[in-house]
Structures are given as structure tokens and as C-alpha cells.
Amino acid sequence: MMSDKNRVAMIVDGANTFSAARASCFGIDWSKVYAAYHNRYNCLARYYATGTRPDDDHHNPIAKLLDWLEYNGFRVVRRAGKEFISDDGHVSLRDADVRVDITLIAVGMIGRVDEIHLWTGDGAYVPLVEALQRAGIRVSVISTIAAASDKLRRACDDFIDLDKNRELFAREAVEENA
């Protein structure tokens, strides 16, 4: 990771980061993430982009997280999606793609930051990474090896593996009473 003299923007693709961590059997502790960035970087902007249910946030399972993030200085970008129920009853969101939002946020950082930390493994961001690099911005991608596109890992300046940095990012295991 870079020196604290660098001006950094943190941009999180919420659904992608959640899925990557969940597939590796852990959850992100955003208070740890906040502390790590606060202690190591001159973090000028923190964004968390996510899809939400179309009705309201009261039924959103991540409403508490989004409230915490906003209270702690993250700018939360919500993209309303449509609920889709599969034949087996699984409910998921569709058409809640935050890629355009994240791209516009990142491009808006040109000239303001030295480095962007992009929390995603989505290979669709490769052209964005390349454009930012051409503008002189160093791009670090934060995800897991299993969830990150190989092209994205090769395109970025630095890949930070959540699995190898669990002590910085993971929630403590909570035992459930049976």
C-alpha cells in the first residue's frame, strides 16, 4: 500500500465486494476498513455504490450498513433495481448496475487524487482502470483472487487480496447460540 502522502479515493462496488467476501466465508468490517484508511492514507473521498430494492430502504437488508457508512463519511450511491424471484424462490436484484455511477465517480477524481482504490473484481472495469492510469492515477483493486477477473488483476497497479488481509478487513467471528 502507498504512503500516507498520497491523496486516495476509495470506491466500493458494494454487491461485488459483498459477494467476494461471502464466497470466502467472511464479512467485511467497515469500521476496520475506515480505521485502516484513516491511519494510512489522506483519504479524500469514500464512496459505496450498491443496488437497493425499488420500494424503500426500510426493507433493505443492508439499511443499517448504509446508515453507518453515511454517518461515517461515506457517500452512498443507491441504484434502485427490480426484484427477481427465481423458480426456487431465491430473491435477487436485477437492473441495479452501479458501473456507470462508479465510472463517473472515478473520472471525477482525475486531478484530485493520486490513487484510487477500487473495491471490485468485475472485469468490466478494465477500461476505467486503463483510462485512470493514462491520467496519471495509480489504481489498486481490492477483492479476492477467486472473485476477481484475471484481466482486472493484470490491468491494475496493485491487487490487494481480501483473503490475505483478513486481519485488516474481516469481521470477528460471532458464535451463534443453538
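Entry 1. I started with arginine 78, which forms a salt bridge with glutamate 70; the closest N and O atoms are 3.0 Å apart. I counted a salt bridge where a side-chain nitrogen of Lys or Arg lies within 4 Å of a carboxyl oxygen of Asp or Glu. Arginine 78 is partly exposed at a relative accessible area of 30%, and glutamate 70 is partly exposed at 37%. I took buried as under 20% relative accessible area, exposed as over 50%, and partly exposed as in between, with a 1.4 Å probe and protein chains only.

Note on the source. The model is predicted: local features need pLDDT of at least 70, side-chain atom pairs count only at pLDDT 80 or more, and totals for chains, interfaces and linings use all residues. Residues are numbered from 1 along each chain as its sequence is written, and side-chain values use heavy atoms, with hydrogens and water left out.

Entry 2. I went on to arginine 79, which forms a salt bridge with aspartate 101, with the closest N and O atoms 2.7 Å apart. This pair links distant parts of the chain, 22 residues apart: arginine 79 is in strand β3 (residues 75–80) and aspartate 101 in helix α4 (residues 99–108). Helices (H or I, at least four residues) and strands (E, at least two) are DSSP runs, numbered from the N terminus. Arginine 79 is partly exposed, at 32%, whereas aspartate 101 is buried, at 15%.

Entry 3. I then checked arginine 99, which forms a salt bridge with aspartate 97, the closest N and O atoms being 3.1 Å apart. Arginine 99 is partly exposed at 34% relative accessibility, and aspartate 97 is partly exposed at 42%. Asp97 and Arg99 are linked with Asp122 in a network of salt bridges. By this rule I have eight salt bridges on the list.

Entry 4. I turned to helix α1 (residues 14–23), where Gly14, Thr17, Ala20 and Ala21 are buried. They lie on the same side of α1, because they cover an arc of only 135 degrees around the axis. The arc is that of the directions from the helix axis to the C-beta atoms. Which exposed residues does the face of α1 turned away from its buried side carry? I found Arg22 and Ala23 there.

Entry 5. I looked up what the buried residues of α1 pack against: β1 (7–13), α2 (30–40), β2 (42–52), β6 (115–119) and β7 (138–143). Contact here means heavy atoms within 4.5 Å. After α1 comes cysteine 25, whose phi is positive, near 65 degrees.
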